[in-house]
Structures are given as C-alpha cells and as structure tokens.
Amino acid sequence: MRAYHLESFGGVEGIRLRDSGPATPEPAGPTGIVVALRAASLNRRDLMILGGEYPLPGVPGVVALSDGAGEVVAVGDAVTRFAIGDRVSCAYFPRWRSGPITPDAFDQPGCTLDGMLAEYAAMDEQWAVRVPDHLTWEEAATLPCAAVTAWSALTDGEPLIPGQTVLTLGTGPVSLFAVQFAKLLGCRVVSTTSDAQRAEQLKALGADEVVDYVRTPEWGAKVKELTGGRGADRIVETGGPETIDQSVRASSLHGQIVLLITGSARKAGIEVSNAAYASSLVTVRRVFVGSRARFEEMNRAVSAHALHPVIGRVHSFDEVHAAYRGYASSPPFGKVVIRVSS
C-alpha cells in the first residue's frame, strides 16, 4: 500500500511516499472498516503541522492529511454502521461523537493518527461518516475540516434567524463554505476581499455584498452602512489579529464573532481598541471544527440542498509536493484536492 508519511517537519521534503505493508489492509478488530480512498484535500492546518506550528504536535511518521473520502472495501465481524460499497469520510476528531469535546478526544488524522493521504485507511466504524451521494469523490474529500468548521460557526451558539446578516472574511475554504451555508440558512451575506475577480466569484457563490478591504480600510463601518446601521449578526472571523478590530466594529449590537485564529506572523495575539469594544455588546466564541454529530448534521443539509463544495485545484497522487507548495504560495479560490484513485 502506498501512503505519504510525515517523516520530518519543516518542509515538503519531509513528506515521503512509502510503499509497504499488505496491498489491502485488514480491518483493525471486529468493529474496524477498511476504506479505499479516492481523494484527499489540504487544509491550512496541514501546512501548520508540517511547519511545526500546530498546537497539537504531529507524530513523526504519521500518514498526512485529515480530509479524505472513499469506499468501504472490508468490514469487521461486528460492524453495524456500514457495509461494503458505502461512501464515507473520517471525522476530524474521530473520538468526538457529540456534545462538548473532552481532552481524551483531541487526536486527529494527519497529526496524531494516520490520515487520508494513502491508498487505504483502516479505522473504527465509529470514526467514519457517510458522505452525500450527489458529491464527487473530490467534493466529498473537502468536508471534514473546513466545511464542518463553517457549519459549526453558523449553527453553534445563538441560532441564526433567516434574514439576519453573516459576514465572512476573505476567500479561504472556511469562508467559502460559510457563504454557502449562510445562504442555505436563509441569511444575507456580506464578504470581504481585495481581489476584483474573487469578488465576482463570491457574488456567484451567493454573497449579497462584497467589500474591498484595501480600498475601504474601515470596512467595519461599511458593513454597518450596508446593513442599514444594524451590523452583522454573525461574523466568521478567519483573519484574527489583522481583522478583529474591524470585525467588532462591523458587529450588530448583540452579534457573535466566531474567532478561529488568534495569532499570525506579524502579531502574537489579538487586540481590540476601546472604541471598537465600546461599540457593541458582541460575544466572541471559539470553534474548533466539530463533532461527528455535527458532521452528519451538516451532510444532511448538504444533501437536502444539493450543495457542491468549491474546488480550486486538483492534483494527482504523484503531485503531493507540488500540491503543498502551491497551496502555501498561491492558494486558489476553493479547496486543493489530491486525487488518490479513480
């Protein structure tokens, strides 16, 4: 079986292709399943793990990537959730089934557990999630991290009401999924970007308004203007230190900011000015992807609305280093996907 392992950290040269073990693994115990992986996808966390910057240190030799999808090809004697031929993915936190996460559920594929950048993955049936039938393998492989993060950002906490406004920042995968999910939930969407072409792509995806944050540095006030002075009810804050002050200014009186990033290369933490803080009664909360139950809930919505993830670039299984380099230097509009097999 071929799989890409993180043999060392710091650069893509540490990602090594191994050809070892049986051609097809056996289920790991009576409740185990074996998945023939068809596609995998990259997330920002994968670059952070490789660079040694992720809060949860990667295990040397681990198979890379949390996100992937494939077909069940073998099941243990006691498996009840899946059958051979089912289309599945693995939950980002395989041991987190529902409710609040606990410290014993922090393990993640592609970090402390073997991930999806392989021809086959062996996992317990409780780790797996059925993926929507209408999606291609490449689309299904984009869901576990960015999509579940966006879904949790919009559906956790105070529930959104149709007609409310969601603000998304930039064109990263979480932001793009948030645009799609916000429209699915009946909300108005305001997005930010500094790229004219991507502004049109955001509008085509569903954004009602797009603000150029370079031409309009005080874009928080512009969001207020576009919402008749009310502000955004939910802000999916993917910029962290560089954007948090304007996000607070863009918030409605009782808005929620879902804060995903708190540090950057230029700033070690977030700062909110007194003027911004005094402008609302905003609530700031953190989201870290979501449980298996959240993933399954999201997939039901994706299926019901025939939603398709945005894919920006597809690489072959032999182009893994190029996929990492391209994602780091020039991320596309949409997910970077690696096709494992047809």
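Contact here means heavy atoms within 4.5 Å. This is a predicted model: local features need pLDDT of at least 70, side-chain atom pairs count only at pLDDT 80 or more, and totals for chains, interfaces and linings use all residues. Residues are numbered from 1 along each chain as its sequence is written, and side-chain values use heavy atoms, with hydrogens and water left out.

**Gln256**
- Gln256 sits in strand E12, residues 251-259 (strands are DSSP runs of at least two residues, helices, H or I, of at least four, numbered from the N terminus).
- Gln256 is buried, at 7% relative accessible area (buried means under 20%, with a 1.4 Å probe and protein chains only).
- Beyond its neighbours within four places in sequence, Gln256 is in contact with residues including Asp156, Glu158, Arg234, Val282 and Arg285.
- A polar atom of the Gln256 side chain lies 3.2 Å from the backbone oxygen of Glu158.

**Helix H6**
- Helix H6 spans residues 219-226, and its buried residues are Trp219, Gly220, Val223 and Leu226.
- They cover an arc of only 120° around the axis, so they fall on the same side of H6 (the arc is that of the directions from the helix axis to the C-beta atoms).
- The buried residues of H6 pack against strands E8, E9, E10 and E11 and helix H7.

**Nonpolar cores**
- A nonpolar core is a set of buried Ala, Val, Leu, Ile, Met, Phe, Trp, Tyr and Cys residues joined through side-chain atoms within 4.5 Å.
- The largest has 84 residues, and Leu117, Met123, Phe181, Met298 and Tyr324 have the most contacts inside it.
- Helix H3 (residues 143-155) gives the most to this core, nine residues.
- A second, separate core of 16 residues includes Leu167, Trp219, Leu259 and Val282.

Definitions and conventions: Buried means under 20% relative accessible area, exposed over 50%, partly exposed in between (1.4 Å probe, protein chains only). A polar contact is a pair of N or O atoms within 3.5 Å; within protein, one must be able to donate a hydrogen and the other to accept it, and residues adjacent in sequence count only if both atoms are side-chain atoms.
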